[in-house]
Amino acid sequence: MTEFWLISAPGEKTCQQTWDKLMVATTRTNNLSVNNKFNIPDLKVGTLDVLVGLSDELAKLDIFVESVVRKVAQYMADVLEDSRDKVQENLLANGVDLVTYITRFQWDMAKYPIKQSLKNISEIIAKQASQIDNDLKARASAYNNLKGNLQNLERKNAGSLLTRSLADIAKKDDFVLDSEYLITMLVVVPKTGYGDWQKTYESLSEMVVPRSTKLLFEDNDSGLFSVTLFRKAIDDFKHKARENKFTVRDFQYNEEEMKADKEEMTRLSTDKKKQFGPLVRWLKVNFSEAFIAWIHIKALRVFVESVLRYGLPVNFQAMLLQPNKKNMKKLREVLNELYKHLDSSAAIIDAVMDIPGLNLSQQEYYPYVYYKLDCNLLDFKV
């Protein structure tokens, strides 16, 4: 299970008692969840007005930062060509896996100084996430262009003889070059039509050089034949070939162009390899930064909502529950029983509420502060 429930409840006589009660209700007598304390430092509370406004802003920021985290994770999967084991081992926060990071969460005092106001801390996170988002767009665009150009060239050199580039098939010796009168054409013939080709190619038009055809290359369906004829017969030959289901490929042997194509492919391939390492490193570092920022937003939200709901002085215990998948419904019932005295209006589980200032519309509302956290950040199941 990669799903966690981040909740808070008011301190009893001490916060430890709140914790002990939860542990008894959810783990000691049954196996409903694995629980960890979620450590939130003493943040600056500010005024009630500021907290109410901040509650809405943090909800929007939470959605935005999560989207950045998911985008970086998904792009990591794209860059690593969906090699799933490699993706997971690169999605770390502070050098540890995501579950370890959130179950042992410690506030980063250096990045988000707690002497700053809550609003300032949220602005630091917003700025950081926007920067990562913008950088990702720029880097992804550059790398995708490179990858796309390389794929287009690779596609040109693959596929059927009717569409693929012939540059790597045609050799100088196969052509009559620098002749004022003669030209070598390349013709794709279905394998079932080889006999017809040999019988008819000399008579498809006037001025075809007898016995000038040669099979240069075969794929599963067709063969590529060369044939030499006089230049003035080109149009007539193409027309008659088409009538006989032979496809003349427009190809002129040009050593310079072919060399340039090969060099371009080598250059793109080298560039892609050069960019790959630094890009993966950037994605690893910035995934970690974005994920850490996201969990700090969750911590801010728990703090703000707990103060708004439970009042001052600040006295609540934040707890991280990892539900046992089979017992999620039961866990919800136990929590409701444990905390229903906090808010009688929340007795209806999963009711959609709209309480001004508490940003609870369109989401699950419970008598305790609750946020869901899911560490599975990729489209495919890990």
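A nonpolar core is a set of buried Ala, Val, Leu, Ile, Met, Phe, Trp, Tyr and Cys residues joined through side-chain atoms within 4.5 Å. The views below come from a predicted model, in which local features need pLDDT of at least 70 and side-chain atom pairs count only at pLDDT 80 or more, while totals for chains, interfaces and linings use all residues. Residues are numbered from 1 along each chain as its sequence is written, and side-chain values use heavy atoms, with hydrogens and water left out.

**View 1. The nonpolar cores of the model.** The largest nonpolar core has 83 residues, and Ile-7 and Phe-291 have the most contacts inside it. Helix α8 gives the most to this core, with 20 residues; helices (H or I, at least four residues) and strands (E, at least two) are DSSP runs numbered from the N terminus. Another core, of 18 residues, lies apart from it and includes Tyr-201, Leu-204, Phe-237 and Ala-241. Buried here means under 20% relative accessible area, exposed over 50%, and partly exposed in between (1.4 Å probe, protein chains only). In soluble globular proteins, nonpolar side chains tend to be buried together.

**View 2. The surroundings of Phe-291.** When neighbours within four places in sequence are left aside, Phe-291 is in contact (heavy atoms within 4.5 Å) with Val-69, Ala-93, Leu-98, Tyr-101, Ile-102, Cys-375 and Leu-377. Gln-74 belongs to helix α2 and is buried, its relative accessible area being 18%.

View 3. The axes of α2 (residues 48-79) and α5 (residues 118-156) come within 10 Å and cross at roughly 25°. Axes are lines fitted to C-alpha atoms, for helices over the stretch in contact, and angles run from 0 to 180 degrees between N-to-C directions. Helices α2 and α5 are therefore roughly parallel to each other, whereas α2 and α8, which pack at about 155° with axes 8 Å apart, are roughly antiparallel. Angles under 35 degrees count as roughly parallel, over 145 as roughly antiparallel, 65 to 115 as roughly perpendicular and the rest as oblique. The crossing of α2 and α5 is left-handed, and α2 passes α8 in a left-handed crossing as well; the term applies if the near helix is turned anticlockwise from the far one by less than a right angle, and right-handed if clockwise.

View 4. The protein chain is divided into domain 1 (3-150 + 278-374) and domain 2 (172-252), with bounds from an automatic or database domain assignment. Over C-alpha atoms, the centres of domain 1 and domain 2 are 69 Å apart. Lys-259 is placed in helix α8 and is partly exposed, at 49% relative accessibility. Lys-259 and Ala-167 are 92 residues apart in sequence and 9.0 Å apart in space, C-alpha to C-alpha.

View 5. Most residues other than glycine have a negative phi, and most peptide bonds are trans. The bond from Leu-312 to Pro-313 is cis, with omega near -5°, and Pro-313 is in the loop between α8 (255-310) and β9 (316-323). Asn-94, not a glycine, has a positive phi of about 55°; Asn-94 is in the loop between β3 (92-93) and β4 (96-97) and is exposed, with a relative accessible area of 53%. Met-207 has a positive phi near 70°, lies in the loop between α6 (194-200) and β6 (214-218), and is partly exposed at 36%.
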